[in-house]
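Here is a briefing on the structure shown below. Please read it with the sequence and coordinates open.

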Amino acid sequence: MNGDERQLAEGEDEMTDPIHSTRQAPAGAGDGTPGAPILEAREVSKYFGSVIALKDVSLTVTPGEVTCVLGDNGAGKSTLIKILSGVHAHDEGELLLDGDPCRFGSPREAREAAIATVYQDLATIPLMAIWRNFFLGAEPTKGTGPLRRLEIPEAKRIVREEMSKMGIDVRDPDQTVGTLSGGERQVLAISRAIYFGARVLILDEPTSALGVKQSGIVLRYVVQARDRGVAVVFISHNPHHAHPVGDRFVILNRGRLVGSWTKAEITRDQLARQMAGGAELEDLTEEIEAAIPPSPGERGATGKEA
Amino acid sequence: MSDAAAAAPAGGPPGEHVVDERVSEIGLVVRLLRRPELGALLAAFAVGLFFALTTDKFGTLDGAANWTDVASTIGIVAAAVALLMIGGEFDLSAGVMTGTTGLLMGLLATELGFNIWLAILCTFAFAAAVGLINGLMVVRTGLPSFIVTLGTFFVLQGVNLGVTKAITGQVRVGGLSEASGFESAQDIFGGTFWSPYDFRVSVLWWIAVTALGAWVLARTRVGNWITAAGGDAGAARAVGVPVARVKVGLFVGTALAAALVGVIVSLRLSSALASQGVGLEFFYIIAAVVGGCLLTGGFGSVIGASAGALILGMAFIGIPFEGWDTDWRFLFYGATLLLAVLFNTAIRQRAEGAR
């Protein structure tokens, strides 16, 4: 189907600490002179009735880079990715695909442009077998006409192979996805998207429902996808997850662009501060510190009195 | 199934031997427990064995011709209803549809003088149209199919009685046997085979519909989409499954299966009653649920639904064979349903790994 996935096996060795690994950047990435963007939004706006969901937001999505979209709840992250993935059409501004203006009429059109979206809660179907989930919507078949049927052994083989490239050992592709952990499910959805040739991979809060270890699993595969030359859009409200894997950071607040930075321009703490609205966070910290006595050991006992 | 082939991926990636070794750990028992129809098949066997041992006639071929007949007319629709339920929807109009289609075929043949084959063709077209309407209403409005098809159910019941009375002046359509082509149609739909036991042809239709449904569900893309549409319609849509079309298709399929039974029953009796089919929808649902279908969709089995229909058919015949009052049938059906649901829930939790 596509030759790219063969490269993945080589990437496995440096998985030990992928999140903080210094990566071998694909051509020109990360130093402010990136390669040609696949997808670019220019001052895009979206209105729902009288509600301004998104106003003049710009971002570029480049192969071999992770573009992080950060923001609190209601910041417009979901609206932005829904525009990128064809769920909503934008009302103002421009969307460029490979430099040409475009407008997706449906998620299918975006998918045909090799833009794959993995939704946090819509990634997989728990009661279906792993292999059925993997190929859902793009099942391999043999035969023609009414005798067209699934190529089951082949499908199972591919799933086992693809998942093992991601470092997950699928014992039995017939087991239901419900038996996998939350992180593994996200990885299944990611490896599926990459297998089917995604050039742009949009991940909608892939770690927000996961524990620390599971988040680590997912972040590792975000890095792997990037190293295979996929352009990743990583939506998160957690700067601690976004900063280690991201190459560019876009922060939204209440539908507007707060700013965009490359990794060299911003530290994790600055990122967290920007997300929380800088001064706002300082005020909040002062408030909390004033309310709670500084000694951490006695916090539980004295907290109530204070 | 094909695990032997799957366990040894030809030319698999180097350094992944661990995967292959661990596959063999999944035993036959686990794989069996994962099958949704397991409970229904075991129960069908137990019920059949019970009646065969405690009555004289049940275990004979004569007896079998009786209970397979009852099971077949339930099972044909139950197989389609199972697919619909796996697809996450309900059809309460399926029972009364068997009556509507029988009446329609009868009226076309007797009142309008249609050749019976033409009448059958028109009947199937009508059923497909009703299924289409059911499906489109559910898909377009997003209303629960329970409510939409409850509406269709009562509309059809009213039409059955009203139209039949208005045209014939009574509540039945008779005299189908005088229509042209009746003989050949009866052979195909309402006849018998394997004399002297005289099994009903409907049994062959039942087996064919079940086999087709099971094959579609397990082996085709559409089957994958049906399970996905019922399991999580949003996730299915997100990966490009045409959920709406799948669901509409399932409603059409259910209506066509009901029409097949309507045609079979009317040709067999050479008449149709306006009250035919009312209440049967619950039997289809019981059969499907006993067969392992989840009410919430996304999980189930066509073979299981047919095994469920077999249980209902065996009890229907077995209880009078025992000399018991036939009213006890209802108690049996209810108890079977409850036991099956409890059993299937336990099985499914095991299959899911119960996290």
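The model is predicted. Chain A holds 10 helices and 12 strands, and chain B holds 16 helices and four strands.

**Chain A**
- Chain A has 306 residues, and 48% of them are buried.
- Take the contacts in chain A with a separation of 6 or more: 70% of them join residues 24 or more positions apart.

**Chain B**
- Chain B counts 16 helices and four strands. Its radius of gyration is 22 Å, close to the 20 Å from the globule rule for 355 residues, so chain B is as compact as a globular protein of that length.
- The C-alpha trace of chain B spans about 80 × 55 × 35 Å along its principal axes.
- Of the 355 residues in chain B, 51% are buried.
- For contacts in chain B with a separation of 6 or more, residues 24 or more positions apart supply 79%.

**Helix 5 of chain B**
- Helix 5 of chain B covers residues 61-86 and bends by about 30° at Gly75(B).
- Burial counts 22 of its 26 residues, so helix 5 of chain B is largely enclosed by the rest of the structure.

**Helix 15 of chain B**
- Helix 15 of chain B runs over residues 302-321. At 1.5 Å a residue, its 20 residues should span 28 Å; the end C-alpha atoms lie 28 Å apart, so the two values agree.
- In helix 15 of chain B, 17 of the 20 residues are buried, so this helix is largely enclosed by the rest of the structure.
- Gly323(B) follows helix 15 of chain B, with a positive phi near 85°.

**Nonpolar core**
- In soluble globular proteins, nonpolar side chains tend to be buried together.
- The largest nonpolar core here has 190 residues. Which residues touch the most other members? They are Leu201(A) and Val81(B).
- Helix 13 of chain B (residues 243-269) gives the most to this core, with 17 residues.
- Leaving out residues up to four places away in sequence, Val81(B) touches Asp91(B), Ala94(B), Thr254(B), Tyr284(B), Ile285(B), Ala288(B) and Ala305(B).

Definitions and conventions: Residues numbered from 1 in each chain as written. Chains lettered and ligands numbered in written order. Bend = angle between axes of the 7 residues up to and from the residue. Helix = DSSP H or I, 4+ residues; strand = E, 2+ residues; numbered from the N terminus. Buried ≥ 20, exposed ≤ 12 C-beta atoms within 10 Å, placed from the backbone. Expected span 1.5 Å × (residues − 1). Core = buried A, V, L, I, M, F, W, Y, C linked by C-beta atoms within 7 Å. Contact = placed C-beta atoms within 7 Å. Rg over C-alpha atoms; globule rule 2.2 N^0.38 Å.
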